[in-house]
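Subject: Handing over the two-chain structure

Dear colleague,

Here is the structure I promised to pass on to you. Please open it beside this message, and then read through the notes that follow.

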Amino acid sequence: MKALINARLTLVWLVLCAVTIVSWWLGGTAEHHGHFVFSTPVTIGVLAIGLFKCRLIMQNFMEVRTAPRWLRLFTDIWLVAFWGAVLAIYLY
Amino acid sequence: MTATERTMSPPHDRDTMSPTDEEANSGIRLPGEGSMWVFVLGDMIIFGAYFVIFMIERTSESAVFLQSQQHLNQTIGLINTLVMLTSSWFVARAVRACRAGDYQGATRLTVCGFLCGVVFILIKIYEWSVEIGHGYTLASNDFFMFYFMLTGVHLLHVVLGLIILGIVFRELRRPTLRRASMVESGATYWHMVDMLWIVIFALVYLLR
């Protein structure tokens, strides 16, 4: 059981590292002749990965997955409200 | 564990680190102290407000922000994110080791998490010194004001997190002090610090 829990944590950590590298690479694609350029698809990708990473950390590392319902609800509402607000302001 | 259950627990329960029967049956429980969660959730709301203000300012000066972003070292940002994630991984495993009664393993993993936090600070200081060396300071423009303020306030959280991990380390080393709730609370705080960095990396470094 202990090995299984550790395997899950390690898998989560590996996924977190992998998607971090993807988001870093994504940021680098919005470049023209060595200058950063605006890119809505890149921004949406970066924000989506950010939300995904925050949720993975909350659910698995902070153990919200097995926490009382009020905490699961609060964290999910925060995630949607926060990342939603960031995207809305960016698109405005 | 509710406050009533905690106060009614016999003293030796401090060392056993086992959940109550009710918690064990449902599998649902709040890790750590409720007061730590109040602090963590409050911090998330406050930081959320800072980030929203950053986004509003970015919208009004988007060209300046994009141009200034170019002067940040994206690769250092990536490395620091990987260091922070690794630190959280060590600390999450320390909690599980502690619950399983493997206090030596938990202590070792807490030290690994702590050292990653120190590496994060060293990299951040190097990054700041390079930026300042190139003439970018708080006063340069609004982007750099936000960059130094957000990363600075976050760094204070890292320092506080290291102090808390130090307390966890001290408790794990002394059988009479061991409390599962303290180890879990320390871990909860540390993961929040990790999560806030993830938001900073996305908004300040990568947004286009």
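Predicted model: local features only at pLDDT ≥ 70, side-chain atom pairs only at ≥ 80, totals over all residues.

**Chain B as a whole**

Chain B contains nine helices and zero strands, and its pattern along the sequence reads α-α-α-α-α-α-α-α-α. Of the 208 residues in chain B, 40% are buried. If one takes the contacts in chain B with a separation of 6 or more, 78% of them are between residues 24 or more positions apart.

Is Ile76(B) buried or partly exposed? A residue needs 20 or more other C-beta atoms within 10 Å of its own to be buried, and 12 or fewer to be exposed; Ile76(B) has 15, so it is partly exposed. Leaving aside residues up to four places away in sequence, Ile76(B) touches Ile123(B) and Glu127(B). Ile76(B) also lies 10 Å from Phe120(B), C-alpha to C-alpha, although these two are 44 residues apart in sequence.

Leu78(B) belongs to helix 6 of chain B as well, but Leu78(B) has 21 other C-beta atoms within 10 Å and is therefore buried. Its contacts, again not counting residues up to four places away in sequence, are with Thr20(A), Ile21(A) and Trp24(A). Within chain B, the C-alpha atoms of Leu78(B) and Ile198(B) are separated by 9.9 Å, while the two residues are 120 apart along the chain.

**Helix 7 of chain B**

Helix 7 of chain B has 31 residues, and the distance from its first C-alpha to its last is 45 Å, close to the 45 Å expected at 1.5 Å a residue. Among the buried residues of this helix are Tyr103(B), Ala106(B), Phe114(B), Phe120(B) and Lys124(B), and what covers the buried residues of helix 7 includes helix 6, helix 8 and helix 9 of chain B. Just after helix 7 of chain B comes Gly135(B), which takes a positive phi of about 90°.

**Where the two chains meet**

How many residues does each chain bring to the contact? Chain B gives 40 residues and chain A gives 42. On the side of chain B that touches chain A, helix 4 (34–60), helix 5 (62–69), helix 6 (74–99) and helix 9 (180–206) each supply at least two residues. That side of chain B consists of 25 nonpolar, 10 polar and five charged residues.

Two pairs of helices across this contact deserve a careful look. Two packed helices are described by the angle between their axes and the distance between the axes.

In one pair, helix 2 (residues 40–61) of chain A and helix 9 of chain B have axes that come within 10 Å and cross at roughly 175°. An angle over 145 degrees counts as roughly antiparallel, so helix 2 of chain A and helix 9 of chain B are roughly antiparallel to each other. Residues making this contact include Val46(A), Gly50(A) and Phe61(A) from helix 2 of chain A, and His191(B), Ile198(B) and Leu206(B) from helix 9 of chain B. By class, this contact has 10 nonpolar, two polar and two charged residues.

In another pair, helix 3 of chain A packs with helix 4 of chain B at an angle of about 10°, and their axes are 9 Å apart. Angles under 35 degrees count as roughly parallel, so helix 3 of chain A and helix 4 of chain B are roughly parallel to each other. Among the residues that meet here are Leu71(A), Trp78(A) and Tyr90(A) in helix 3 of chain A, and Trp37(B), Phe51(B) and Thr59(B) in helix 4 of chain B. The residues of this contact divide into 15 nonpolar, two polar and no charged.

Helix 3 of chain A has buried residues too, namely Leu71(A), Thr75(A), Phe82(A), Trp83(A) and Val86(A). What covers them includes helix 2 of chain A together with helix 4 and helix 9 of chain B.

**The largest nonpolar core**

The largest nonpolar core has 78 residues, of which Ala94(B), Cys98(B), Val183(B), Ala202(B) and Leu203(B) touch the most other members. Helix 9 of chain B gives the most to this core, with 20 residues. As for Val183(B), its contacts include Ala94(B), Cys98(B), Ala106(B) and Leu172(B), not counting residues up to four places away in sequence.

With best wishes

Definitions and conventions: Residues numbered from 1 in each chain as written. Chains lettered and ligands numbered in written order. Contact = placed C-beta atoms within 7 Å. Helix = DSSP H or I, 4+ residues; strand = E, 2+ residues; numbered from the N terminus. Nonpolar A, V, L, I, M, F, W, Y, C, P; charged D, E, K, R; others polar. Axes fitted to C-alpha atoms, helices over the stretch in contact; angles between N-to-C directions. Parallel < 35°, antiparallel > 145°, perpendicular 65-115°, else oblique. Core = buried A, V, L, I, M, F, W, Y, C linked by C-beta atoms within 7 Å. Expected span 1.5 Å × (residues − 1).
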